[in-house]
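Here are my notes on the model, for when you have a minute. Have it open alongside as you read.

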Amino acid sequence: MGNLLDYLAWRGDLSLEHVPFGAVDALVLSALAYVHFDGLAPSGPEPPVPLGQTAERYLALPAGRRGRCRCECDLELLRALTAAPRFAAMGLTCCADRFVPKEETQFAALTVLPGDGSAFLAFRGTDGTLVGWKEDFNLSFLDLVPAQLAAADYVQDFARGFSGPLWLGGHSKGGNLAVTGAALCPAKVRDRLRAVYSFDGPGFNPYLLARPGYQELRTRIRSFVPKSSVVGLLLTHEEPHTVVDSDQKGLFQHDLYSWQVLGGDFVRLEEVDAGSRMIDRALKDWLAGLTNDQRETVADTLYELLSSGDARTVKEALEPANLAAALRSVRDADPKDLLTVASSLARLAGSALRAL
């Protein structure tokens, strides 16, 4: 068995004519959405640039001049793509990136043209910024967050100038955005959707689940989660999911490079493990015990505390200096809000005990 990188080494020379586009290909392109191709790929409907050449140009830049990259594995992915004929000739276009802290918005997407007359629209997941994580928390109490609306606009804007079949996909929050963007677009666009891939993407609130577009697309949503999934079981899903084996443990299975591939497909399992089911019960029980106002207060208060220092990412927020700033800001916080946070965390502990 292997992972995405092994898949590219094993089967990257097989054209789409010989082996049709599949779920592992969709994860490869979804992973690509995490790379910031600043200045290297079109941001609008200009002619596409070859994916392999764009990856080479990105890798040739000094590290300080490249667009941001999430992790070393993403760089390895780009190196592998340059040597994989299946992907290297694909066209890359319509790279969008919207990051607005004041609006608590983190959205990015790109489009890949496989060369068979179709297009794959890939949506970026949470990027590690505090703003990105705050928008994720907002999913629990808002009907729609700005990134979801941006995803719907992105799909519709692209579809206006492209007449072929469409694929949508994303990892983590990107999977949620792919499904939401599809569900909110007009029926004439939905009719052109071959499939929507959500890779360990969080679920949805009652507002979206009740939308006709979501109900219509349920049979075309391809949801994949690792065996110890946490993120991919959050909130509510009505579409079925496929469980994938991983070589990591617990929360680290959210890493898409840990997902196991054999031949041209994922290593599939019957169901998620007992630990995943226990955490899912605990989180759902906890959220069910909180009103939307309480969820909002918890998210806003924690965000204000963590962003009170110089931190811009979750990793930076955990550094000693920024943790100290967060503790100092507690003195200025509204006591009622702090009480709501404390009681909510106590509820979470109770939910965890009941789930055992």
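1. A word on terms before the residue itself: buried means under 20% relative accessible area, exposed over 50%, and partly exposed in between, using a 1.4 Å probe and protein chains only. By that cut-off Thr-105 is buried, at a relative accessible area of 1%.

2. Housekeeping: this is a predicted model, where local features need pLDDT of at least 70 and side-chain atom pairs pLDDT 80 or more, while totals for chains, interfaces and linings use all residues. Numbering starts from 1 along each chain as its sequence is written, and side-chain values use heavy atoms, with hydrogens and water left out.

3. Back to Thr-105, which sits in strand E3 (residues 105-113); strands are DSSP runs of E, at least two residues, numbered from the N terminus. Leaving out residues up to four places away in sequence, Thr-105 touches, among others, Phe-99, Val-131 and Pro-146 (contact is heavy atoms within 4.5 Å). A polar atom of the Thr-105 side chain also lies 3.2 Å from the backbone oxygen of Glu-103.

4. Now the holes. The whole structure has 2 cavities of 30 Å³ or more. Here a cavity is a set of points on a 1 Å grid over the protein atoms alone where a 1.4 Å probe fits but cannot get out, and lining residues have an atom within 4 Å of a point. Volume is the space filled by probe spheres set on the points, which are joined across faces, edges and corners.

5. The largest cavity holds about 50 Å³, and its lining includes Leu-139, Asp-143 and Phe-204.

Definitions and conventions
On a 1 Å grid over the protein atoms alone, a cavity is a set of points where a 1.4 Å probe fits but cannot get out, and a pocket is an open set with protein on both sides within 12 Å along at least five of seven lines; lining residues have an atom within 4 Å of a point. Helices (H or I, at least four residues) and strands (E, at least two) are DSSP runs, numbered from the N terminus. A polar contact is a pair of N or O atoms within 3.5 Å; within protein, one must be able to donate a hydrogen and the other to accept it, and residues adjacent in sequence count only if both atoms are side-chain atoms.
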